[in-house]
Amino acid sequence: MYMHIEFKDGSNPYLMYGDKQTIIKKYRWFKKRYDFNISVLFGGNGLECRPVFGGGYAVAKYFDGAHKTTYYTKLGNALNKLNAIV
């Protein structure tokens with residue numbers, strides 16, 4: 001599983017590999033300090049997870065409008081889907 005954080009101006013991309021708990025901890029650290037200035041993408045097992053405007057997280061293989069997207073209200077549940085064997 002990985003987490004990719006990029007600042008909205010395109011500078012200082014941050015990529016982290018790890019388990020679910022480590023990624024959630026580091027995501028909370030970034031969100032607390034740079035909430036509106038970061039763009040986040042989580043990935044694993046061929047799936048991607050992105051935060052949704054208004055709260056929650058969307059998980060899908062492609063975000064092109066033609067493929068099914070699953071919505072989760074909690075980050076832990078969304079990351080569990082990324083860890084599941086497909």
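Contact means heavy atoms within 4.5 Å. Keep that in mind for the first stop. This is a predicted model, in which local features need pLDDT of at least 70, side-chain atom pairs count only at pLDDT 80 or more, and totals for chains, interfaces and linings use all residues. Residues are numbered from 1 along each chain as its sequence is written, and side-chain values use heavy atoms, with hydrogens and water left out.

**Stop 1: Phe7**

Select Phe7. It lies in strand 1, residues 2-7. Strands (E, at least two residues) and helices (H or I, at least four) are DSSP runs, numbered from the N terminus. Is Phe7 buried or exposed? Phe7 is buried, with a relative accessible area of 17%. Buried means under 20% relative accessible area, exposed over 50%, and partly exposed in between, with a 1.4 Å probe and protein chains only.

Now show what Phe7 touches. Leaving aside neighbours within four places in sequence, Phe7 is in contact with Asn12, Tyr34, Asn37 and Ile38. Phe7 and Ser39 are 32 residues apart in sequence, yet their C-alpha atoms are 6.0 Å apart in space.

**Stop 2**

6 strands form an open sheet in the order 2-1-3-4-5-6, with antiparallel pairing. Two strands pair if DSSP finds at least two bridges between them. Look at the edges. Strand 2 (14-17) and strand 6 (70-72) each have a single partner strand, so one side of each is left without a neighbour in the sheet.

**Stop 2: two hairpins**

Select strands 3 and 4. They run antiparallel, joined by 3 bridges. Gly44 has Leu47 as its bridge partner in strand 4. This hairpin has 2 residues between its strands, and Asn45 in the turn has a positive phi of about 55 degrees.

Move on to strand 4 (residues 47-51) and strand 5 (residues 57-60), which pair in the antiparallel sense over 4 bridges. Glu48 has Ala60 as its bridge partner in strand 5. Here 5 residues lie between the strands, and Gly54 takes a positive phi near 95 degrees.

**Stop 3: the largest pocket**

Which residues lie nearest the centre of the largest pocket? Select Tyr27, Lys31, Asp35, Pro51 and Val52, which are among its 13 lining residues. A pocket is an open set of points on a 1 Å grid over the protein atoms alone, where a 1.4 Å probe fits, with protein on both sides within 12 Å along at least five of seven lines; lining residues have an atom within 4 Å of a point. Strand 3 gives the most to this lining, with 3 residues.
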